[in-house]
Amino acid sequence: MSSRLPVPLRELVAQLGKLPGLGPKSAMRIAMQLLKWPENDTRSLGASISSLRDNLCICELCGGLAAATPCPVCADPQRSVDVICIVPEWDSMLALEEGAFYHGQYLVLGGLIDPMDRRDSQSLDLERLERRLAQGVIAEVILALGSTLAAENTASFIRQMLAKKYPQLRVSRLAQGLPLGAEVKFMDKETLRQSLKYRQSL
């Protein structure tokens with residue numbers, strides 16, 4: 001990055017460049033676009049970013065992001081309470097919710113077991129899962145983790161854990177309509193609907 005840039009602009013470009021998918025040139029284009037915005041709009045954007053952590057929390061039940069806990073999904077009395085869908089991240093939960101074809105509970109793991117990223121089972125939110133299952137209400141666990149190697153490793157670990165502690169549970173996974181190497185959050189609604197409808201027992 002050129003040292004000729006004014007320091008405030010250089011600092012903004014450096015921060016924007018840390019976002020996934022943004023290189024120095026893209027970050028510079030965004031910064032220049034922000035300078036063209038009306039002052040109120042840029043200040044409003046800055047305030048929204050600043051307050052993001054203050055105004056969001058983790059739902060005590062599912063582990064997803066919310067403005068209050070429990071989140072609207074978990075607080076919905078119309079949803080089935082005996083089925084729980086385990087997803088790796090909150091955006092995967094959003095993808096399923098956008099389809100409006102699943103009406104059970106969720107649990108966000110907070111990632112996947114991935115030795116390449118030095119993430120093991122300790123990095124997953126398994127305590128939250130244990131608390132939900134210990135209530136004795138859940139009859140089926142759906143693993144909606146995708147079909148990557150990390151997803152397969154995680155599914156295998158959770159399946160073994162559940163078989164030992166909760167052998168009465170039905171454990172299923174999204175059908176293999178998901179292409180190999182795909183992530184749930186990037187799937188179209190119809191693929192997700194078919195995968196959920198024709199899920200397989202493990």
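Strand S3 (residues 83-87) and strand S5 (residues 140-143) run parallel and are joined by four bridges, and within this pairing Ile84 stands opposite Val141 in S5. The model is a predicted one, in which local features need pLDDT of at least 70 and side-chain atom pairs count only at pLDDT 80 or more, while totals for chains, interfaces and linings use all residues. Residues are numbered from 1 along each chain as its sequence is written, and side-chain values use heavy atoms, with hydrogens and water left out. Helices (H or I, at least four residues) and strands (E, at least two) are DSSP runs numbered from the N terminus, and two strands are taken to pair if DSSP finds at least two bridges between them.

S3 and S5 belong to an open sheet of five strands with mixed pairing, in the order S4-S3-S5-S6-S7. Strand S4 (105-108) and strand S7 (200-201) stand at the edges with a single partner strand each, so one side of each is left without a neighbour in the sheet. Helix H7 (residues 149-165) packs on the sheet, where it touches S3, S5 and strand S6 (170-173), contact meaning heavy atoms within 4.5 Å. The direction of H7 makes about 165° with that of S5; axes are lines fitted to C-alpha atoms, for helices over the stretch in contact, and angles run from 0 to 180 degrees between N-to-C directions.

H7 also meets helix H6 (residues 126-134), the two axes coming within 13 Å and crossing at roughly 35°. By class, the contact comprises six nonpolar, no polar and two charged residues, where Ala, Val, Leu, Ile, Met, Phe, Trp, Tyr, Cys and Pro count as nonpolar, Asp, Glu, Lys and Arg as charged, and the others, Gly among them, as polar.

Two backbone features occur in loops. The peptide bond from Thr69 to Pro70 is cis, with omega near 0°, and Pro70 is found between strand S2 (65-66) and helix H4 (72-75). Ala100, although not a glycine, has a positive phi of about 60°.
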